[in-house]
Amino acid sequence: MLEQVIFLVFGMISLALLLNLWRLLIGPSLPDRILALDTMFINSIALIILYGLLMGSPLYFEAALLIAMLGFVSTVAVCKFLLRGDIIE
Amino acid sequence: MQNWMEWAVAFFLLLGGSFVLIGSIGLSRMPDFFMRLHGPTKATTLGMGGILLGSIFYFSLQQNVSVHELLITIFLLITAPISAHMLIKTALHHQLKAIERTRGERELQQGQQEGSPDTNKAMPEANKKSGES
């Protein structure tokens with residue numbers, strides 16, 4: 001039963017990623033696109049964790065943690081650049 | 001015992017997946033940016049918490065009790081409000097359009113008047129608008 005549930009959640013998160021991609025493509029302003037990209041980072045963490053659950057290996061959490069840190073730092077860096085014109089003042 | 005844990009894992013995974021999907025639907029369907037920010041910063045973070053909780057249950061069932069997935073949950077719960085704050089400051093700085101039902105015109109105008117004077121190219125327009133009104 002768990003396998004079917006995991007595949008169902010895979011489908012839901014893939015649909016969510018497609019909706020984020022749609023917002024990333026049509027987004028009328030730059031903060032919209034940054035927000036869509038940040039959400040895509042978070043959803044890809046969910047995909048990696050589900051894949052690790054399917055494979056039964058706890059090795060994938062390192063990759064998920066790395067992607068979480070990368071997504072946060074890149075979002076804050078781009079926002080800082082748009083806000084102040086410089087990343088590190 | 002085994003069956004019960006499997007039901008719990010499936011429940012948490014489905015809960016998390018639904019919240020992630022709802023957050024992304026909100027991101028793609030809401031009318032303006034200030035509403036769009038609500039979906040990913042609240043619903044998606046809660047959905048990630050659900051998925052990671054299911055994963056904690058699953059790996060605690062398989063081997064020893066493992067809680068290092070909790071690290072990702074705590075990290076996401078800490079960083080989501082910070083990135084939302086930075087995004088909303090950027091949106092106020094860029095003077096994004098809000099629909100009429102979005103409240104807080106005063107904050108919008110204050111956000112337009114604040115900001116760094118040296119790098120803000122849109123500042124003269126904002127000053128002109130506030131001077132006219």
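**Close-up views of chains A and B**

**View 1. Helix 2 of chain A against helix 4 of chain B.** In this predicted model, P31(A), I34(A), L35(A), D38(A), I42(A) and I45(A) of helix 2 of chain A meet I72(B), L76(B), S83(B), L87(B), T90(B) and A91(B) of helix 4 of chain B. Two residues are in contact if their C-beta atoms, placed from the backbone, lie within 7 Å, and helices (H or I, at least four residues) and strands (E, at least two) are DSSP runs, numbered from the N terminus. By class, this contact has nine nonpolar, two polar and one charged residues, where Ala, Val, Leu, Ile, Met, Phe, Trp, Tyr, Cys and Pro count as nonpolar, Asp, Glu, Lys and Arg as charged, and the others, Gly among them, as polar. The axes of helix 2 of chain A and helix 4 of chain B come within 10 Å and cross at roughly 170°, axes being lines fitted to C-alpha atoms, for helices over the stretch in contact, with angles that run from 0 to 180 degrees between N-to-C directions. The two helices are therefore roughly antiparallel to each other; angles under 35 degrees count as roughly parallel, over 145 as roughly antiparallel, 65 to 115 as roughly perpendicular and the rest as oblique.

Residues are numbered from 1 along each chain as its sequence is written, while chains are lettered from A and ligands numbered from 1 in the order in which they are written. Because the model is predicted, local features need pLDDT of at least 70 and side-chain atom pairs count only at pLDDT 80 or more, whereas totals for chains, interfaces and linings use all residues.

**View 2. Helix 2 of chain A and its residue L53(A).** Helix 2 of chain A has 26 residues and reaches 38 Å from its first C-alpha to its last, close to the 38 Å expected at 1.5 Å a residue, the expected span being 1.5 Å times one less than the number of residues. L53(A) has its place in this helix and is buried, with 23 other C-beta atoms within 10 Å. A residue is buried if 20 or more other C-beta atoms lie within 10 Å of its own, exposed if 12 or fewer, and partly exposed in between. Leaving aside neighbours within four places in sequence, L53(A) is in contact with I6(A), S55(B) and Y58(B). L82(A), by contrast, is 29 residues from L53(A) in sequence and 38 Å from it in space, C-alpha to C-alpha. Just after helix 2 of chain A, G56(A) takes a positive phi of about 75°.

**View 3. Helix 3 of chain A and its buried residues.** The 25 residues of helix 3 of chain A (residues 60-84) should span 36 Å at 1.5 Å a residue, and the end C-alpha atoms are 36 Å apart, which agrees. F61(A), A64(A), A68(A), G71(A), F72(A), T75(A), V78(A) and C79(A) are buried in this helix. The buried residues of helix 3 of chain A pack against helix 2 (30-55) of chain A together with helix 4 (70-93) of chain B. G85(A) follows helix 3 of chain A and has a positive phi, near 80°.

**View 4. The side of chain B that touches chain A.** Here 45 residues of chain B are in contact with 43 residues of chain A. Helix 1 (2-29), helix 2 (33-36), helix 3 (38-62) and helix 4 of chain B each supply at least two residues of this side. By class, the side of chain B that touches chain A has 25 nonpolar, 16 polar and four charged residues.

**View 5. Helix 3 of chain B beside helix 4 of chain B.** The axes of these two helices come within 9 Å and cross at roughly 175°, which makes helix 3 of chain B roughly antiparallel to helix 4 of chain B. The residues of their contact divide into nine nonpolar, four polar and no charged; among them are T41(B), M48(B) and L52(B) in helix 3 and L70(B), L76(B) and A84(B) in helix 4.

**View 6. The surroundings of G47(B).** G47(B) lies in helix 3 of chain B and is buried, with 28 other C-beta atoms within 10 Å. Leaving aside neighbours within four places in sequence, G47(B) is in contact with G16(B), G17(B), F19(B), V20(B) and G23(B). G47(B) and L14(B) are 33 residues apart in sequence, and their C-alpha atoms are 9.2 Å apart in space.
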